[in-house]
Structures are given as structure tokens and as C-alpha cells.
There are 2 protein chains.
Amino acid sequence: MFSAPRLEIETTLKDFLERITRDLSEISAELTPVSAEITSFLATGKRFRPLFAYAGYLAAGGQNDGAQLKNMLKAATSLELLQACALIHDDLMDGSDMRRGAPAVHRYFENYHLENSMRGDKTQFGLSAAILLGDFALIWADKLINESGLSDEQLRRLLPLNDLMRIELIAGQYLDVRESAATTSSVERALKVARYKSGKYTIERPLHFGALIAGSSDETNSALTNFGIPLGEAFQLRDDLLGVFGDPETTGKPAGDDLREGKRTVLTALAIENFSTQQADIFNAHYGKLNITTEQISELRDIITEVGAPQKVEALIEDLTSSALQALKSEHISENSKPYLNELALMATKRKI
Amino acid sequence: MFSAPRLEIETTLKDFLERITRDLSEISAELTPVSAEITSFLATGKRFRPLFAYAGYLAAGGQNDGAQLKNMLKAATSLELLQACALIHDDLMDGSDMRRGAPAVHRYFENYHLENSMRGDKTQFGLSAAILLGDFALIWADKLINESGLSDEQLRRLLPLNDLMRIELIAGQYLDVRESAATTSSVERALKVARYKSGKYTIERPLHFGALIAGSSDETNSALTNFGIPLGEAFQLRDDLLGVFGDPETTGKPAGDDLREGKRTVLTALAIENFSTQQADIFNAHYGKLNITTEQISELRDIITEVGAPQKVEALIEDLTSSALQALKSEHISENSKPYLNELALMATKRKI
């Protein structure tokens, strides 16, 4: 269903990465690991956000062929670079070792430091390189938009939304960090983090991104919000489940990663609310401990399951998804976009990766 | 000489910071420390880059009054936010404790974690908040440009330059980190870092930033390059001297900060080239050691001075500055801008801060 836009997204990424590799090599050969690492980082990915932008563009009546579609997909591919920034910085903040089945960027540069017998502290070098690679990705995202061939009017509509989306993303990231450092757990606050970190950033704003390029009406934007917000929250709740129960083979991250990092999510907040004193003691003893063992992860999974938290989260996902699909009936969303939006809703909430 | 543009820059910053404070508080009250910290971070600063943009704008024939000037200064104020991103991330990468006489951003958030008896590791919280505040600043810089009131044509000229400038900045930062991790020291490589980190980013590109808004010719851009590149290198060399010999009272950073951080600069590369074996032993024993004492900093300063490195750097600064001032004679730079450019050249190279 998405093979044509997917191909365009992959081609755009490939061309762009080749170009920045060339540009960086002209500055200095020492920048080679930087372009190599961003290229390898972006080699895989679900491309969810550009595909949501594509569907939003169709929803607002954008033509499904021609130069305008091509330019829109180019601009929307910038969302993969923005997401790369978010993930690279996020892994550093969380102290994650793995991403997409490979070492996280800061670990990659730590190894690079080690293998090249460099001077000083490898951890600090890895940290520095990961901060800078994230900064690069944020700037490259802009460059891709600016070079996408969009008209002045399209850019004028898009750029304020792009700024807003990025501010919401970083605000969501901060609230997430803040929540994980909070002494109390709260389902309500965890839902707010989910709303900003993913609800808006992952789905609603990419839909608007595409819709604004097509010249959407306020009614269409509102209809897409009604579809995107609950779906984005459902997406994040699925992420929370995968972070605790996901299979490392498919997620590309270690089992129970969120438990090791002590991430406060709706899932853990619901579990904490329902723990017995004895379960709470087990939880507090292991949750968020960097040296947590495989057995302790199993134990935490067991007690989270015992109090029914995963089922509650599954029920929430179902409610949110059905409320999104209900919103999809709006007359302000073009009929030809609905099969795409429906398919994306399934991909976002039923995934194992 | 710069009181009118300075006032406009300060007013723009104040209004913008008030607006983002309001916007963030609407998302969540928990974002208050974020807006408070960026506001306090930007309260002081030399405003060099917006002032260079102003001079570049005049150099290319921009009118020294009216709405166009006002819009240009608004857009140029974004350079202060970009610089905030660079400094916040830089301090984290260098492990610096102080900036502008106050705790560095990551230290501020470490203290915040401590004072609020938060959960988890305060260092990781400080790191996360500083990464995110830098990301915010990079995005806010874009927002300020997008909202500055520049015309479509002005934006179309400016945005590619803005992307290029930021890529050069991050590339320079990476080369700097890479150089400090190199096992050998090289005057040539240190000069290249100085060129990208400051030569282009601090002076040449801000000049172009303003010039392009005024609609500059290729000849004017080249003339500004001939002025800006040597001056920017001189600026960075002054920075290197201040990083080792600067007075903490005026720099707002601890004495000998670059020695503690093991920063490889043209100054240290020149010193290393000329050390006796005994001096090299002293240098290697203390340079880049986090627990360096005040006495050891004095000792390092003494041997760097003994081999004549500061005088060599002063001579380089003088040569570079006079080559910049020579380039200022170009007929492609408007006459009325020359007193401004001349004054900025002095401010950039004679400063104690």
C-alpha cells in the first residue's frame, strides 16, 4: 500500500546522505565516522512519520502524483532526521546501549575511541560525538526541508508547524526525564508525557505537516487532530509495553530495557498503583538499577503482569484506537486517504517493533 | 556606536524569551526551570554575532533605519540562541563547571535535582536537561528567524546560509573534540579547528547573514570573507589566550580552564612544539587532568610563557587582524559600514572577556 511513497522516502534519504557525506569530507577526512554513523543509523527505520505526513497530505486533498507529491515526500523525509536527533540524544540521556540492533551512537564512538587508541576518556568522547551527531541531524532536517522544492507559500505554512512540533517534542522529552526523576508515580502525569512525546509529535504533527503542504482547511486539521492524538497515545502505550515485554529479536533493544532505565510510563504507573506492599518492595529493589539481572527483569515482569497492568494498557490502546478510527469518519478527511490512515493506525498500534 | 542595534537585539531577546516562557508554561508548569535557565543564560553576552550581522547588512548597502533593519536585527538575534546551544552543549562535552560567572547549565540542573531531592542520578539528570536545553535553543533560533518578518526572497537567500553556518559550527565542534582526543599535537590541525569553530562561524557567516538579507552581490560576499576569515581566526586565538591566561573576574570561567580540560589549541600546539624534555614532562603530568591544582596551573602557564608561545600567538593575532583590516579597503564594502567593521575588529581581538 505504501510502496511508492516508501521508495521515494528511501531514495531521498540515500541521495541526501550521500550529499552530506561528500560535504563533510570536503571539510575534513576526520568527519568520515560522523557521516558513516548517521548513514548506518538511518539505514533502517519504520519511516512512520513521513508516511503519516503522506497520509495527512492525501487527507487534505493533495494529488497522489506529480512534482508536488515528490516535493512533499522530500520535505517529510526530514522527519526521519528529526527522529534520529531525538533517538540519539534520548539514548545518551537514558544510558541505552543498543538501538535498532546496533550499539547506540555514544557507544559506537566510545568503541571508535578505544579502537583508535585515542587520548583521554572514551565515555566523554562518546558523549560528545553523540551530542554533536544529534545536533547535526536536527540541522540536516532543516536543510532537507529548505531544499525540498516546496513553494514559498508551502514553506510559510509549514515552518511554524515544524517549529511547534519540535518544541513539543523536546518539551515531551524533558517531561519524560523529569517524570523519571519524580519521587512519586502518577498515571495522569505519565499520560501527559505520552501525549507530548508521542501523541502530538509522532502522529498528529506529521499528519499536519503533510496536510499544510497540501493547503488544508482548519476543519481538516481539526479532524486530523481528533484522529492523531488518541492514535499517538496508543502508539506510545504500545511502546511502553514493548519496552518491558518486547522481544529483543524484533525491537533491537535489550529485553526489559525500560525496567533497567527506570522509565516511568503509564504501564509502570498503573502497576505501582496496584502493587501489594510485598510487590512494591520487589519493584523498588530492582527497578531502575543499571546492574539488574535477567532473573530480576523476569521477576518485575511477573509482578507487573500479576496486578493486571498490561491488560489495562491493552484495553487503553483498544479504546484510543477505536476513538481514532471513529474520528476517521469525518467528512473533512478525503475519502481516498482513509484506507491509508486506517492501515497506518493498525501499523502503529499492533506492531511488535 | 552600536547602541541602537544593541537596544533592538536586547528588546527582541526579552520579548522572545517572555513568549517562550509563556508557551512552555502552557504545556506544563514543570517546564518553568527550562525557561528560567535559558532566560538567565541569555541575560548577558557580548552579542558579537548579531552585531557582525548588522555590520554585514550595512556593508551590502542595507538601510540603517526602517522596518527592514528591524526585521534583520530580529533574525540576527537568532544567532544568540544558536550560540547558546553551542555553549550549553560545549560545556557539557568539556565538563566545564562555570559559564558567564554562573554554574554551567548541566550543573544548574544537577543542583536543581539535589535541592528538590529528586530520584535517580543527579549527573544524568543534569546531562539530560542540558542536552534538551541546547536542542531547544537550536529550534528557538529557527523560530526567531521564521517570525522575524523577513520577506520570502530574504528568507530564501538566508536559510541555505543559515544551514551551512550551523553545519560548519557543528563540524568545527567535532574537529575540536577529535583534536583533543588525538595522540599527537599539530599547529596546522589546531588552526583548521579555529577556522571552522570560529573563523567561519563567529564572524564570516554572521557577516554574510546580514549581507544576504540586504541582497548582497557575490563581490561583497567575497570581500566580507576576506575580512571575516582572518578576523575570526584572530578571535579564536584571543579565546585560546584567555582560556589559559584570562582573569576569571572578567571571563566568568575558572582560571586556566583550557588546561584543566586538556583543550588542544594553537597556543598549546605551539608550546608543545617548543618544549624541552623536562618541560614536556611537566606539561604531560598536569595538562587535561580534572584534579589539577592552582599551583600546577601556574606552572603550566610559566612553561608555556617560557617557550614564547603567547608572544607567537599575539603576533599571529596581529598579522591576522592587519590582513582583515587590509581587506576592509575593498570597494565592494559600503563606506558607511567601515567604521562599524573596524570597531568590531578591535572588539573581537583586543577583548579581555
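Predicted model: local features only at pLDDT ≥ 70, side-chain atom pairs only at ≥ 80, totals over all residues.

Modeller: A residue is buried if 20 or more other C-beta atoms, placed from the backbone, lie within 10 Å of its own, exposed if 12 or fewer, and partly exposed in between. Asn274(A) has 15 C-beta neighbours inside 10 Å and therefore counts as partly exposed. Residues are numbered from 1 along each chain as its sequence is written, chains are lettered from A in the order in which they are written, and local features need pLDDT of at least 70. Side-chain atom pairs count only at pLDDT 80 or more, while totals for chains, interfaces and linings use all residues.

Biologist: Which residues does Asn274(A) touch, not counting those up to four places away in sequence?

Modeller: Two residues are in contact if their C-beta atoms, placed from the backbone, lie within 7 Å. Asn274(A) touches Val307(A), Gly308(A) and Ala309(A). By contrast, the C-alpha atoms of Asn274(A) and Thr11(A) are separated by 49 Å.

Biologist: How is the relation of chain B to chain A read?

Modeller: Copies are superposed by least squares on the C-alpha atoms of residues with pLDDT of at least 70 in both. Here a rotation of 180° with 0.0 Å of shift along its axis places chain B on chain A, with an RMSD of 0.0 Å. The two copies are thus related as by a two-fold rotation axis. In chain B, the C-alpha nearest the axis belongs to Asp152(B), 3.2 Å from it. Both copies use the same surface, as 100% of the contact residues of chain B recur in chain A.
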